[in-house]
Amino acid sequence: MAPGSHHLNLGLLLLLLLPPECQGAEGRLAHKLFRDLFANYTSALRPVADTDQTLNVTLEVTLSQIIDMDERNQVLTLYLWIRQEWTDAYLRWDPDAYGGLDAIRIPSRLVWRPDIVLYNKADAQQPASASTNVVLRHDGAVRWDAPAITRSSCRVDVAAFPFDAQRCGLTFGSWTHGGHQLDVRPRGDAASLADFVENVEWRVLGMPARRRVLTYGCCSEPYPDVTFTLLLRRRAAAYVCNLLLPCVLISLLAPLAFHLPADSGEKVSLGVTVLLALTVFQLILAESMPPAESVPLIGKYYMATMTMVTFSTALTILIMNLHYCGPSARPVPAWARVLLLGHLARGLCVRERGEPCGKSRPPESPPSPQPPEGGASSQGGPCHEARCLCRQEALLSHVATIASTFRSHRAAQRRHEDWKRLARVMDRFFLGIFFGMALVMSLLVLVQAL
């Protein structure tokens, strides 16, 4: 029994089971045509009159829907309509001999079909397209339209996430027939997007087609294939609202730790809280991104922001140590008085109460001890009586001690105030620097969305 004869018997049986009254003139002609065509037909061999002749297959793809893009596993799932057209030399007839019948539709399993498969398929299941019919015309032209859900491998580059664009290729070609036996060519320069259902995450920019002829190491003859490259661009609105904007707001909040009063006790707590919030967002991002060498753009932004917050927290601790320098601390160095308490404080408008902006208090030098009054007058003063108060050395010594202690206390208070003022100057200086850094980084990332 010839291969495919049992399929022929099934088709004939279906036609014979119909009652005669249900078979009109067209039905009887189609039945006769079917019986004549498939009497000695086999679907096991290429339908060419000469075995050295190349069979040309035209491939057309229509993109219907993007089902899923799995970035972590790098698998793209599409719903396609695949149309293949070729000429069968053994399925021809004269329409006049069959009442003008020029086309019939029969199950695709009854005719020879090209073994064109998706080379970069990432699924072991067979495509659900074997049950569709083919349209057979009188000149032997066969058209096979079949829907298919394809899972193909796609190299995903997330370096610019969430403003990235992807290129995913779908390569179709014959699995066993070389270029001398079967030649596949695309219909047109690109796949059709007329019936495409818009995707909420990806915007389709196009799907151009390209034909290649390759020679593999296993075989000497060339193998032609057709590659449809799907050009995608991610819709970044959801990621900007859910991942990027919260990070931008948190990064702008972090430098405000320098503006908090040191006596509030919340400067370090704010930096640590911001760092923990950024860590949570970083973990959420890492769960959805594939492990790759290239770090996403938003990941770089998170890392830069976390580094900035870490440095700002460390500087806040150092500035608080300056603020809480006690009266026993050494005086502010001379260069710090001139540069920081003088020029920098005037430029940053750090002033004392009642002091106008732009005019800082001149740096004060520590007072030099003054000799107690009365030492000279005790010798040449106007008092010449034996019981004059200026002659009482013990009383003068106590007065001098009190005056010296008071001057030392005032000097210590001035040193403490100088360190506190220096801490305020450093707070104002780093507030401007870190706020500017956070603003520049945020603008550089957000400008990618435009």
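Buried means under 20% relative accessible area, exposed means over 50%, and partly exposed falls in between, with a 1.4 Å probe and protein chains only as cover. By that scale, arginine 187 is partly exposed, with a relative accessible area of 40%. The model is predicted: local features need pLDDT of at least 70, side-chain atom pairs count only at pLDDT 80 or more, and totals for chains, interfaces and linings use all residues. Residues are numbered from 1 along each chain as its sequence is written, and side-chain values use heavy atoms, with hydrogens and water left out.

**View 1. The whole chain.** The chain has eight helices and 11 strands. Helices (H or I, at least four residues) and strands (E, at least two) are DSSP runs, numbered from the N terminus. Of its 450 residues, 38% count as buried. The accessible surface comes to about 25600 Å². Carbon and sulfur atoms hold 59% of that surface. These areas come from the Shrake-Rupley method with a 1.4 Å probe. Contact means heavy atoms within 4.5 Å. Among contacts with a separation of 6 or more, 77% are between residues 24 or more positions apart.

**View 2. Strand β1 and its partners.** Two strands pair if DSSP finds at least two bridges between them. β1 and β2 run antiparallel, joined by 11 bridges. Here threonine 62 stands opposite tryptophan 81 in β2. Four residues lie between the strands of this hairpin, and glutamine 74 takes a positive phi near 55°. β1 also pairs with β8, in the parallel sense, over five bridges. Valine 57 has valine 184 as its bridge partner in β8. In a regular strand the side chains alternate between the two faces of the sheet.

View 3. Side chains of opposite charge can pair when their charged atoms come close. A salt bridge is a side-chain nitrogen of Lys or Arg within 4 Å of a carboxyl oxygen of Asp or Glu. The count by this rule is 15 salt bridges. Glutamate 60 and arginine 187 form a salt bridge, with their closest N and O atoms 3.6 Å apart. Glutamate 60 lies in strand β1 (residues 55-70) and arginine 187 in the loop between β8 (182-186) and β9 (202-206), so the pair ties together parts that are 127 residues apart in sequence. Glutamate 60 is partly exposed, at 21% relative accessibility. Arginine 187 also forms a salt bridge with glutamate 85, where the closest N and O atoms are 2.4 Å apart. This pair links distant parts of the chain: glutamate 85 sits in strand β2 (residues 75-87), 102 residues from arginine 187.

View 4. Arginine 211 and aspartate 183 meet through their side chains in a salt bridge (2.7 Å, N to O). The two are 28 residues apart, with arginine 211 in strand β10 (residues 209-214) and aspartate 183 in strand β8. Which of the two is buried? Aspartate 183 is buried, with a relative accessible area of 9%. Arginine 211 is partly exposed, at 30%. Elsewhere, salt bridges that share partners join Glu60, Arg83, Glu85, Arg143, Asp145 and Arg187 into one network.

**View 5. Aspartate 427 in helix α8.** Aspartate 427 lies in helix α8 (residues 393-446). Aspartate 427 is buried, with a relative accessible area of 9%. Which residues does aspartate 427 contact, leaving aside neighbours within four places in sequence? They are Phe258, Lys267 and Ile319.
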